[in-house]
Amino acid sequence: MDVLFDGFVDAVKLLLSGDEDSWSIIALTLRVSLTATAIALLVGLPLGAIVALARFPGRRVLLAAANTGMGMPPVVVGLFVTVLLWRSGPLGGLGLLYTPTAMIVAQAAIATPVVIALVAAALQQVDPDFRVQMQALGANRVRAFVALLGEARLPLFAGTMAAFGAVVSEVGAAQMVGGNLVGQTRVLTTAAVLATSRGQFSLAIAFGLILLFIAFGVNLSLTLVQQQRAVPR
């Protein structure tokens with residue numbers, strides 16, 4: 001219990017002391033996770049809609065692949081991204097390995113299947129006649145699609161929270177493609193692992209608690225928006 005209490009005290013001290021290293025870790029964690037989530041939404045939203053609404057050969061295979069991707073170990077994603085970005089890899093010439101960009105790519109790859117699967121599931125729950133009714137009222141395909149997203153907005157918010165949760169808590173891929181370099185690619189999860197390996201349990205708990213605070217704050221904001229939109233007017 002003393003270790004847990006010390007970890008809580010250290011977390012408060014890190015947040016209030018203005019320690020530059022700690023705040024840079026927190027800032028990078030937010031930048032990488034939020035950017036990866038945004039990319040996953042930009043890619044996963046239209047793909048999830050296509051899988052849910054379109055009819056084409058291999059559709060069920062793609063949906064099954066997305067559902068499988070939800071449970072893919074992050075280390076596997078990190079391995080593939082590392083191979084792609086390695087010096088002798090297909091994209092090695094870009095020099096992205098061990099950079100925040102590589103971490104964003106890996107985390108976006110982790111979150112995108114989550115978004116695709118949850119968006120597809122959400123849109124499939126909407127009344128099939130809804131889109132037909134919108135088009136009958138004169139709405140073009142884009143406006144009908146936007147209206148459809150509005151009908152499924154609550155599950156879509158849940159998908160956003162799930163995607164963010166998948167990346168902000170991820171450590172395996174971030175460690176592999178980022179390298180946990182001080183001041184460059186060290187985020188809260190990798191910093192906590194490093195502190196644990198050194199026996200600095202109070203510091204590791206502090207990093208873990210700060211990570212929980214961040215995850216709670218982002219999800220609380222999304223939940224408030226979700227519930228506000230859910231209240232009938």
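This is a predicted model: local features need pLDDT of at least 70, side-chain atom pairs count only at pLDDT 80 or more; totals for chains, interfaces and linings use all residues.

Student: How many cavities of 30 Å³ or more does a search of the whole structure find?

Tutor: The search covers the whole structure. Its cut-off is 30 Å³ or more. The count is 1 cavity.

Student: What volume does the largest cavity have?

Tutor: Its lining includes Thr-29, Gln-107 and Val-187. The volume of the largest cavity is about 40 Å³.

Student: Which element gives the largest share of the lining of the largest cavity?

Tutor: Among the lining residues are Val-32, Ser-33, Val-167, Val-168, Leu-188 and Thr-189. The largest share is 3 residues, and it comes from H2.

Student: How many residues of that lining are nonpolar, polar and charged?

Tutor: Glu-170 is one of the lining residues, and Glu counts as charged. The lining divides into 5 nonpolar, 4 polar and 1 charged.

Student: Now the surface. Which helix gives the largest share of the nonpolar patch?

Tutor: Phe-8, Val-12, Leu-16, Leu-212 and Phe-213 make a nonpolar surface patch of about 520 Å². Helix H1 (2-17) and helix H11 (201-230) each give two or more residues to the patch. The largest share, 3 residues, comes from H1.

Student: Is Val-12 buried, partly exposed or exposed?

Tutor: Val-12 lies in helix H1. Buried means under 20% relative accessible area, and exposed means over 50%. Val-12 has 33%, so it is partly exposed.

How values were computed. Residues are numbered from 1 along each chain as its sequence is written. Side-chain values use heavy atoms; hydrogens and water are left out. On a 1 Å grid over the protein atoms alone, a cavity is a set of points where a 1.4 Å probe fits but cannot get out, and a pocket is an open set with protein on both sides within 12 Å along at least five of seven lines; lining residues have an atom within 4 Å of a point. Grid points are joined across faces, edges and corners, and a volume is the space filled by probe spheres set on the points. Helices (H or I, at least four residues) and strands (E, at least two) are DSSP runs, numbered from the N terminus. Patches are made of residues with over 30% relative accessible area and no salt bridge: like charges are joined within 9 Å, nonpolar side chains (Val, Leu, Ile, Met, Phe, Trp, Tyr) within 5 Å. Accessible areas come from the Shrake-Rupley method with a 1.4 Å probe; for residues, only the protein chains shown count as cover. A salt bridge is a side-chain nitrogen of Lys or Arg within 4 Å of a carboxyl oxygen of Asp or Glu. Buried means under 20% relative accessible area, exposed over 50%, partly exposed in between (1.4 Å probe, protein chains only).
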